[in-house]
Every structure is written in structure tokens, then in C-alpha cells.
Amino acid sequence: MSGSTQAWVAAGVRAAIGAHTQAQDAGLTDDVVALYTPDGVLQVPGIDPVAGHDALRDAFKGWAPARPQLHLVTNTVITSWTEDEATAVSDVAFLQRGESGWGVQVVGRYDDTLRRHDTAWRFQRRVTTYQA
């Protein structure tokens with residue numbers, strides 16, 4: 001794969017990860033769901049895997065922010081890629097604003113598999129793990 005293709009894949013993957021984060025923190029459920037393939041899967045500790053657009057929509061509606069929140073996603077490393085599929089690992093810190101200001105609620109990691117769907121990169125699978 002050429003260097004320009006690698007750069008195109010990396011840019012697309014990072015854009016999808018960033019769009020997911022911003023849409024989730026803004027409570028834009030339909031925008032988050034649109035970032036998944038129709039059979040996309042989300043795995044979060046403590047719940048059964050969430051699969052498909054309808055189930056993802058229900059889950060993200062239930063997680064819509066009741067107060068300001070931020071998922072700070074950093075250290076994204078694209079671990080494998082082709083022109084149609086890529087995997088990435090990112091660190092994440094979840095912050096919420098409460099009465100005493102912003103506080104870190106959870107620190108974890110995302111293991112993402114994205115596929116090119118139509119003309120854009122979409123999540124096929126996101127696995128979230130929490131750090132102790």
C-alpha cells in the first residue's frame with residue numbers, strides 16, 4: 001500500500017473516531033449511530049454487546065448526557081490497515097462536569113475495527129475496556 005493510501009486511511013479513521021466522540025458528547029444519537037456499519041457492534045464492560053443500528057440507537061439514547069461531558073480520546077495508533085478495513089487503539093478519559101467542576105469518571109481504551117462503507121469509514125466494532 002502506498003504512503004498516500006496509508007495517510008488517507010489514517011485520516012479517515014481518526015476523523016471517524018473524532019466525529020464519534022463529539023457527537024456522543026453532544027447527545028447526537030443519530031449522528032453516532034450513522035458512524036457504525038448496519039451490523040456494527042459496541043462492547044462495553046458490564047453489558048451485553050450492542051449490535052445493529054436499532055440497538056445502538058437505544059443504547060446511545062440511554063447514555064445521552066444529562067450534564068456536560070467530554071470523552072478525551074488520545075494516543076490513537078492505527079494498528080493495521082488495508083484500503084477497506086483498519087484497526088486502531090486509543091486511550092480515553094471520560095470527564096463530567098458536576099457542582100464542583102470537571103472530574104475524571106473513567107479511564108480506558110478503545111479497540112476499534114473500522115470498515116470503508118460507501119465512501120466513509122464506519123465502525124464495525126468498538127470494544128471498550130476500563131483501566132483500574
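1. Basis. This is a predicted model, in which local features need pLDDT of at least 70, side-chain atom pairs count only at pLDDT 80 or more, and totals for chains, interfaces and linings use all residues. Residues are numbered from 1 along each chain as its sequence is written, and side-chain values use heavy atoms, with hydrogens and water left out.

2. Thr128. Thr128 sits in strand β6 (residues 120–130). Strands (E, at least two residues) and helices (H or I, at least four) are DSSP runs, numbered from the N terminus. Thr128 counts as buried because its relative accessibility is 11%. Buried means under 20% relative accessible area, exposed over 50%, and partly exposed in between (1.4 Å probe, protein chains only). Leaving aside residues up to four places away in sequence, Thr128 touches Leu42, Gln43, Val44, Pro45, Arg109 and Tyr110. Contact means heavy atoms within 4.5 Å.

3. Helix α3. In α3 (residues 53–62), Leu56, Ala59 and Phe60 are buried. These buried residues line one face of the helix, because they fall within an arc of 95° seen down its axis. The arc is taken from the directions from the helix axis to the C-beta atoms. On the face turned away from the buried side, α3 carries exposed Asp54, Asp58, Lys61 and Gly62.

4. Asn75. Phi of Asn75 is positive, near 55°, and the residue is not a glycine. Asn75 belongs to strand β3 (residues 69–81). At 51% relative accessibility, Asn75 is exposed.

5. Asp118. Asp118, also not a glycine, has a positive phi of about 60°. Asp118 lies in the loop between β5 (101–117) and β6. Its relative accessible area is 68%, so Asp118 is exposed.
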